[in-house]
Amino acid sequence: MDWNSVAQELYVRLVCLFIHFLANCTCSGILPLRKGLLSHAGLVSLSRFIGTGLMFVLGALCIRGYGRFKNQDYRIFLALLEETKIKQQ
């Protein structure tokens with residue numbers, strides 16, 4: 001399997017998901033008003049939901065960083081990258 005085609009497929013899927021998200025946001029612009037999400041209790045609930053999502057994202061980033069730190073090949077790549085950066089300056 002060619003990595004270029006895999007990357008293109010992932011890019012197309014990402015663009016399609018983004019377009020789908022935008023369509024849902026614009027079509028349901030009045031939906032937060034109907035569900036009461038703009039009231040005080042709704043905003044508290046929405047902020048808890050967003051906070052939980054951010055905690056998951058930050059946790060995933062920390063796990064990804066730890067995985068990269070433990071990967072010997074990645075550390076070698078970073079050392080070569082830093083060496084090249086120093087040589088160019």
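1. A polar contact is taken here as a pair of N or O atoms within 3.5 Å, where, within protein, one atom must be able to donate a hydrogen and the other to accept it, and residues adjacent in sequence count only if both atoms are side-chain atoms. By that criterion the side chain of Gln72 makes a polar contact with the side chain of Arg75, at 2.6 Å. Gln72 is found in helix α4 and, at 43% relative accessibility, counts as partly exposed; the classes are buried for under 20% relative accessible area, exposed for over 50%, and partly exposed in between, with a 1.4 Å probe and protein chains only.

2. The model is predicted, so that local features need pLDDT of at least 70 and side-chain atom pairs count only at pLDDT 80 or more, whereas totals for chains, interfaces and linings use all residues. Residues are numbered from 1 along each chain as its sequence is written, and side-chain values use heavy atoms, with hydrogens and water left out.

3. The chain has four helices and zero strands, in the order α-α-α-α along the sequence; helices (H or I, at least four residues) and strands (E, at least two) are DSSP runs numbered from the N terminus. Of the 89 residues in the chain, 2% are buried. The chain exposes about 8400 Å², 69% of which is supplied by carbon and sulfur atoms, as computed by the Shrake-Rupley method with a 1.4 Å probe.

4. Helix α4 covers residues 72–88, and its 17 residues should span 24 Å at 1.5 Å a residue, which agrees with the 25 Å between its end C-alpha atoms; the expected span is 1.5 Å times one less than the number of residues. Asn71 caps the N-terminal end of α4, with a side-chain oxygen 3.1 Å from the backbone nitrogen of Asp73.

5. One salt bridge is found in a search of the whole structure, the term meaning a side-chain nitrogen of Lys or Arg within 4 Å of a carboxyl oxygen of Asp or Glu. Glu83 forms a salt bridge with Lys87, their closest N and O atoms being 3.2 Å apart. Because these two residues, Glu83 and Lys87, are four residues apart in helix α4, they are separated by about one helical turn. Glu83 is partly exposed at 40% relative accessible area, while Lys87 counts as exposed at 65% relative accessibility.

6. The unreviewed UniProt entry lists residues 12–33 and 45–66 under "transmembrane region", and such annotations may be inferred rather than shown by experiment. Over residues 45–66 the chain is 100% helix and 0% strand, with end C-alpha atoms 32 Å apart. Phe21 lies in helix α1 (residues 3–27) and, at 49% relative accessibility, counts as partly exposed.
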